[in-house]
Every structure is written in structure tokens, then in C-alpha cells.
Amino acid sequence: MSTNLEIKNLQAKVNDKQILFGANLNISGGEIHVIMGPNGTGKSTFASVIMGDSHFTVIGGDIVLNGESILNNTVDERARKGIFLAMQYPMTVSGVTNSNFIKAAVQAVQGQTVSVTKFMKDLDIAVNKLEMDRNLPYRYLNDGFSGGEKKRNEILQMLMLKPKIIILDEIDSGLDVDALKVVGKAIKEAVNLNTAVLIITHYQKILDYVKPTHVHIMIDGNIVLNGGVDLLTRIDKEGFDFIKIKQNKSHATKKIK
Amino acid sequence: MINYKNSTDFLNLKKCSADTILDLPYVNFENSLKKVDFINKYSKKASKNISNYKKRLLIKYKKYTNIIVLLEGEILLNNLDKTLVDCEVNTLQDNNPDTNLIELLKSKSENKMQAHLKANLNSVLLLKFKKSAIIDTPLLIVVATINDLSHYMQIVLEQNSCVKIIEKLENAGTSFINANTNINLDENSNLEYVRIEKSNKNSFIYSSISGNVNANASLKYSYADLNDSNVCCNTNINLMGELAYADINCVILSALKEQHMHLMQIEHFAKCTIGAINNHAVANDQSEIYIEGVGKINKGMAGSDSNQQTKVISLRDTATVTAKPFLFIDEFDVKAGHGVAVGQLDQQEIYYLMSRGLTKEDAQKLIIQGFLKPIADNIFIKEVGKEFKRLVEKKLNY
């Protein structure tokens with residue numbers, strides 16, 4: 001059975017302020033979804049809530065992974081079930097080397113000890129693939145990394161952990177053109193029948209390398225429009241205004257009724 | 001065999017010190033502490049059989065080379081490398097004691113603990129490294145006890161010598177340990193000294209480390225307080241010659257209801273001297289940590305640099321942490337700085353690590369290991385480094 005993540009009518013709040021108002025999404029293995037939308041509409045919150053960030057409280061709806069609700073699972077349990085979130089702002093942890101951390105994470109996800117030689121070999125391959133500085137795995141986790149290095153490091157973790165649902169929160173910010181190409185290629189290769197990707201972005205540049213299968217527009221904590229690649233060209237030309245106008249109209253008609 | 005320990009001269013000197021204990025004050029930062037009469041409260045004086053412990057120590061340490069194991073003042077293992085021909089080792093078992101030791105016994109005591117040490121002195125280790133001795137292989141010294149211990153250790157480095165020493169202080173059962181270490185670095189010498197203390201529950205340990213660093217000499221001192229008992233530690237380094245350098249790195253871990261009190265002081269007595277203090281502490285349960293850091297630059301000591309950083313993680317709301325950084329500067333042309341940070345583990349960091357599949361406990365463990373890494377990296381004997389990690393994990397109840 002291929003992987004499936006279903007988000008039903010998701011509502012969430014932070015400090016008594018509701019941010020998500022009933023978002024729906026269905027992602028299956030092999031698909032690449034993109035969520036776009038203006039700033040501050042709840043895209044990152046949506047990603048964090050799926051991951052299980054305790055800052056946010058779910059007040060309605062459900063998140064179902066392969067037929068099983070994960071709403072009651074903690075962050076680490078969700079990660080072990082195969083959900084991965086590449087963060088918009090990865091944390092810095094000094095004193096913990098990158099390779100040590102990734103090894104601990106791989107062991108946690110696989111639920112067994114990993115042989116050091118095999119791990120180092122895999123890590124080496126992944127580092128080469130991402131054209132990263134060879135010393136990067138031995139430096140402290142994100143400590144003194146440039147913005148681009150941090151984002152690449154998130155992708156390195158993704159390659160090593162082999163998750164089922166990959167959520168990339170603005171992975172393209174801070175990456176230069178060449179890095180974008182490398183990262184895009186790595187993401188594309190990661191997708192298979194068991195792996196699905198959800199990309200949250202403002203820029204269409206990365207989508208030149210990772211062709212999405214589904215495009216969604218999020219406005220005011222809700223996914224208001226679903227479509228294919230053609231939606232991207234329209235956003236490129238007209239911005240998000242056409243959707244906002246459309247929404248206002250529908251609100252207006254509702255009120256008249 | 002006649003040894004100094006049994007000589008009437010030694011016994012008389014001890015008696016003189018014992019007479020002065022009552023009139024003397026406690027250590028110099030006593031005002032900040034809860035008034036506890038360490039000596040009467042913890043001193044046991046009962047003697048227990050050491051034969052089983054002896055066997056355990058022999059098994060544990062026989063695989064090491066370049067090691068001295070001292071059990072209640074007697075050398076149990078002395079496995080010195082050939083390179084250590086440049087090192088003179090002296091204990092109370094020797095017939096002719098070192099002149100420094102007699103001087104110490106005759107000198108006037110500054111405080112109660114010093115007088116108590118002299119009055120009950122039962123363990124002595126004097127190490128003297130000869131001029132230009134360069135010793136690559138680190139030396140491991142284990143000081144062990146079951147009963148009450150009054151231990152005096154002296155490390156003397158003559159000119160141009162370069163040495164690495166790790167000292168481990170450990171005990172079995174409950175003991176009252178009063179340990180005094182005196183370091184003297186001559187011109188141009190270089191000492192890397194690691195001290196790891198691990199005493200049992202219900203023991204008490206008072207350590208006093210004093211050092212004189214002369215011109216162009218450098219002291220890199222790393223200290224790990226992994227004691228399961230109450231601790232009072234007094235570190236006092238004097239920079240005596242131009243361009244003298246001292247760096248203190250300290251780890252303090254406390255758990256349960258322990259009290260750990262530390263004074264770290266570096267005093268500048270010469271121009272262009274550099275002193276740095278770095279403290280890392282983790283307080284758990286209902287324990288209490290008190291750290292006082294003092295950087296003192298005396299008048300006329302221009303071009304000196306005094307710096308101190310204290311970072312403390314408090315794992316529970318019930319733990320008490322007091323950190324006081326002091327700078328006493330009596331000269332204009334100097335650099336000085338201090339900083340203290342006390343806080344809980346960063347929840348965002350924990351969330352980040354957990355989002356990769358680590359449990360909360362594993363995430364905390366990794367962050368604390370990272371926090372203590374700068375000190376763990378200073379431990380230059382691999383096996384001891386591993387043991388340090390193991391002890392840290394055990395202490396913090398992972």
C-alpha cells in the first residue's frame with residue numbers, strides 16, 4: 001500500500017488566535033504537492049501542526065496517516081512514523097556534531113543500532129550528492145552555517161532518514177541558483193510510490209527542478225483553490241489577487257443569500 | 001621499613017596543627033554559604049577494611065600504563081613509563097621527605113580546613129618534573145580511599161618542561177575527604193591538568209587547588225565535579241610572571257539534594273598576564289549550585305586580560321543556582337569581561353531534535369552532551385574520557 005496522508009478540516013490556534021480554519025488536503029505516495037499563498041496565511045503553521053509542534057493547539061479536524069489518526073502522537077512519534085519537516089529556520093545546537101545527531105536520528109527512526117561503517121558510507125554518498133563541504137557533517141549542528149548550508153543540511157537529514165511524507169517549508173530561501181538545482185534534484189529523486197512531498201514556497205524557481213503534480217493556494221488559514229501546474233502560470237502573471245477577488249465575491253454572495 | 005609517616009617529627013607537626021583548628025575561620029567565601037560545620041558534621045574517623053577495594057582498584061587500573069594509584073596514602077600501583085625518568089615521585093612512605101612538605105607542615109594555617117589537612121595528613125604525593133622534561137604520554141593519577149582522607153599533592157614543573165596529568169579522586173563507602181593540590185610552574189613550563197572528582201553519596205569533599213604560574217608558563221586546568229556528595233571547592237591561581245597564562249575549565253553536575261560550592265579565582269600579579277575561567281554546570285532535582293568566579297588584576301599589571309564565563313542549565317524548577325562573577329580591577333590598561341547565563345534547556349532545540357525522531361530524553365541527553373563537550377574534549381586519555389561520559393550519564397539519570 002502506498003503512503004497516504006489525509007488532512008481533514010484542520011483547525012488550529014496559537015495563544016487563543018485561530019490560524020487554520022478547516023484546511024483539507026490529501027497526499028499520496030509519488031505525488032508532489034505545492035502550497036502557495038501570500039505571507040501570513042498559515043502555511044508554516046499548517047506544516048508545524050502536521051509535524052506536531054506543541055506551540056499550536058488543534059481545535060478541530062484530523063490528520064490521518066495511512067488510515068490512522070496521528071493527532072495524539074507526539075513530535076518524535078510522528079517523525080518515527082515517517083513524517084519529516086525541513087524547517088524554515090533550522091535550530092543551532094552547539095556541541096552536537098552533525099554526524100552524531102544524524103546517526104542518533106537514523107537509529108531512532110529505524111529502531112535499531114546502525115553500524116558505523118555503513119552509516120559513514122551512506123552519509124558520504126549523501127554529502128557528495130548535495131555537493132556539500134566535506135567537513136560539514138563533523139561541524140556542530142547548524143552552528144556557524146550560512147543560510148544555504150542550513151537548508152542543504154535539512155535535505156541531508158531528509159536523505160538519511162528516508163521519510164514517507166516530506167514537508168519542505170521554504171526550503172528555497174537562502175539557496176543560490178546552483179544549490180537550488182542540486183536540492184531540487186535530490187528532492188525529485190526522493191519521491192517514489194512510498195514517498196510524497198509537500199513543498200511550501202513563495203518562489204516558482206524551485207518548481208523548475210521539481211515538477212509538482214498538485215498545486216494548492218492557501219489564504220487566511222484555508223486551502224481555497226486546488227489545481228495543476230497551470231495554476232502556477234496564472235499566479236505568476238496575476239499574483240494572488242484573482243483568488244482574493246473571487247473569494248470576496250463568494251463571501252458577498254453568501255451574505256446576500 | 002621506616003617511613004616518614006611514623007616519625008615522631010611528623011606526628012609532632014600534625015599535633016601542632018590540630019591545636020590551631022578551633023581558632024581559625026572557615027574558607028574565605030564562607031559568608032555566602034550556609035553555615036555548616038563540615039568537620040564535625042562529616043568526619044567519621046572510623047576505619048574500614050580496604051582489602052576488597054584494593055582488589056577492585058587493581059583490576060580496574062592494571063591495563064593502564066603511566067599510572068600511579070594511591071590508596072589511602074600508599075602506592076598501590078606505580079606503572080611509570082620509561083619517559084618518566086624526568087619525574088621524581090615522593091610519598092609519606094619515603095624515608096626522606098621532601099623539604100616542601102616539611103615547610104608546608106610548619107607554615108601557619110590560613111583556615112580551618114588547611115589546619116585540619118595538616119593535623120590529619122595521611123596521604124601525600126609530590127611530583128617534580130625536572131628542567132626541560134617533555135613528557136608526551138599523559139600521566140594518570142588515581143587517589144582512592146574508603147576512610148577519611150587528608151591528601152596533599154604537589155606538582156612542580158621546572159623550567160621549560162611540558163607535562164599532561166589527569167588526576168582522579170574517588171572513594172568507596174562514605175568518607176570525609178580534604179584534598180589540597182599545589183601547583184608550581186616555573187618559567188616557560190606548560191601543564192595540562194585534568195581533575196575528575198567522583199565521591200560517593202553521604203561523603204563530603206573539600207578540595208583546595210592553589211597554583212603559581214611564573215613568566216611565560218601556561219596552565220590549562222580542567223575540573224570535573226561529578227561528586228554524589230556535598231562539595232566545597234576552592235581554586236586559587238596566581239599569575240606571578242609576565243605573559244603567564246591560566247585557563248580554568250570547570251564542569252559541575254549536581255543532583256538530588258546535594259550542595260556544590262565553588263570558588264574560582266585567578267589573580268594577576270604581573271604585567272601582560274592572561275586568565276580565563278569557563279564554568280559549565282547542570283543542576284538537577286533539588287540540588288544547589290553556588291559558583292563564585294573572581295578575576296583580580298592588581299595595580300600596575302598593565303596589559304593583562306581577565307575573562308570569565310559561567311553557563312548553567314537548570315533541569316528542574318526545584319534546583320537552586322547562584323552564580324556570582326566578580327572582577328576586581330585596579331589598573332586602567334587591561335581587558336576584562338564576565339558573563340553569566342542561567343536557564344533551562346531551549347524548548348525549540350528539543351523540538352528540532354525530536355522532529356527527527358529522537359525521544360525527549362534522548363534530545364535532552366544530546367544537548368547536555370553538547371553543552372559539556374568543550375570539557376570532555378580536554379580529557380586526553382581516551383578511556384578516562386569514556387568514563388567521564390558514562391559518569392555524566394549516570395549522574396543525570398539518563
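Modeller: Before we start, helices here are DSSP runs of H or I with at least four residues, and strands are runs of E with at least two. Also, this is a predicted model.

Colleague: Good to know. How many helices and strands does chain A have?

Modeller: Counting those runs along chain A gives its secondary structure. The total is eight helices and 12 strands.

Colleague: And how does the radius of gyration of chain A sit against the globule rule?

Modeller: For 257 residues the rule gives 18 Å. Chain A is close to that, so it's as compact as a globular protein of that length. Its radius of gyration is 19 Å.

Colleague: Which element gives the most to the side of chain A that touches chain B?

Modeller: The contact takes 21 residues from chain A and 18 residues from chain B. On the chain A side, the elements giving two or more residues are α2 (75–80), β7 (93–97), α3 (98–110) and α5 (147–161). With five residues, the top contributor is α3(A).

Colleague: How many residues on that side of chain A are nonpolar?

Modeller: Sort the chain A residues that touch chain B by class. Three are polar and three are charged. The nonpolar ones number 15.

Key
Residues numbered from 1 in each chain as written. Chains lettered and ligands numbered in written order. Predicted model: local features only at pLDDT ≥ 70, side-chain atom pairs only at ≥ 80, totals over all residues. Contact = placed C-beta atoms within 7 Å. Nonpolar A, V, L, I, M, F, W, Y, C, P; charged D, E, K, R; others polar. Rg over C-alpha atoms; globule rule 2.2 N^0.38 Å.
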